[in-house]
Amino acid sequence: MENASGLNAGDIIYVRFKTNQTWLDEIYANNYMTDGDLDWDIGTYTINYERRITSVDGDSISIHSPIILPMQSKFGGGELRKISRSKERLSQVGIENMRLV
């Protein structure tokens with residue numbers, strides 16, 4: 001990380017992998033699509049993770065579960081932010097009369 005100040009072990013973080021065309025090309029994302037299939041594109045393909053920090057050492061952090069995608073600037077990079085559970089979470093939410101077809 002560029003700057004891990006303000007992060008501590010036990011914090012919950014939100015990590016976003018923002019893809020670019022280089023990554024889609026290197027994994028052959030659209031090579032097997034046929035007529036009628038929706039191609040992968042960088043505008044709609046973003047991967048989000050929620051992780052818990054297990055340790056902080058300078059500007060390096062360790063998390064409880066791996067992130068399996070290459071979060072390198074070559075492939076689009078990513079972003080990380082601390083989650084405040086009390087302010088950014090829904091609670092006591094219900095859905096009524098939902099029908100899946």
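Biologist: What share of the contacts in the protein chain with a separation of 6 or more comes from residues 24 or more positions apart?
Modeller: Those residues account for 68% of them, where a contact means heavy atoms within 4.5 Å. This is a predicted model, in which local features need pLDDT of at least 70 and side-chain atom pairs count only at pLDDT 80 or more, while totals for chains, interfaces and linings use all residues. Residues are numbered from 1 along each chain as its sequence is written, and side-chain values use heavy atoms, leaving out hydrogens and water.

Biologist: How do you know how many helices and strands the protein chain has?
Modeller: They are DSSP runs, H or I of at least four residues for helices and E of at least two for strands, numbered from the N terminus. The protein chain has two helices and four strands, in the order β-α-β-β-β-α from the N terminus.

Biologist: What makes a residue buried, and what percentage of the 101 residues in the protein chain are buried?
Modeller: Buried means under 20% relative accessible area, with a 1.4 Å probe and protein chains only. In the protein chain, 21% of the 101 residues are buried.

Biologist: Which residues touch the most other members of the largest nonpolar core?
Modeller: Leu-7, Ile-13, Phe-17, Trp-23, Ile-47, Tyr-49 and Leu-69 do, in a core of 13 residues. Two or more residues each come from β1 (12-18), α1 (21-26) and β2 (46-57). It is called a nonpolar core because its buried Ala, Val, Leu, Ile, Met, Phe, Trp, Tyr and Cys residues are joined through side-chain atoms within 4.5 Å.

Biologist: What does Leu-69 touch, not counting residues up to four places away in sequence?
Modeller: Leu-69 touches Phe-17, Trp-23, Ile-47 and Tyr-49.

How values were computed. Buried means under 20% relative accessible area, exposed over 50%, partly exposed in between (1.4 Å probe, protein chains only).
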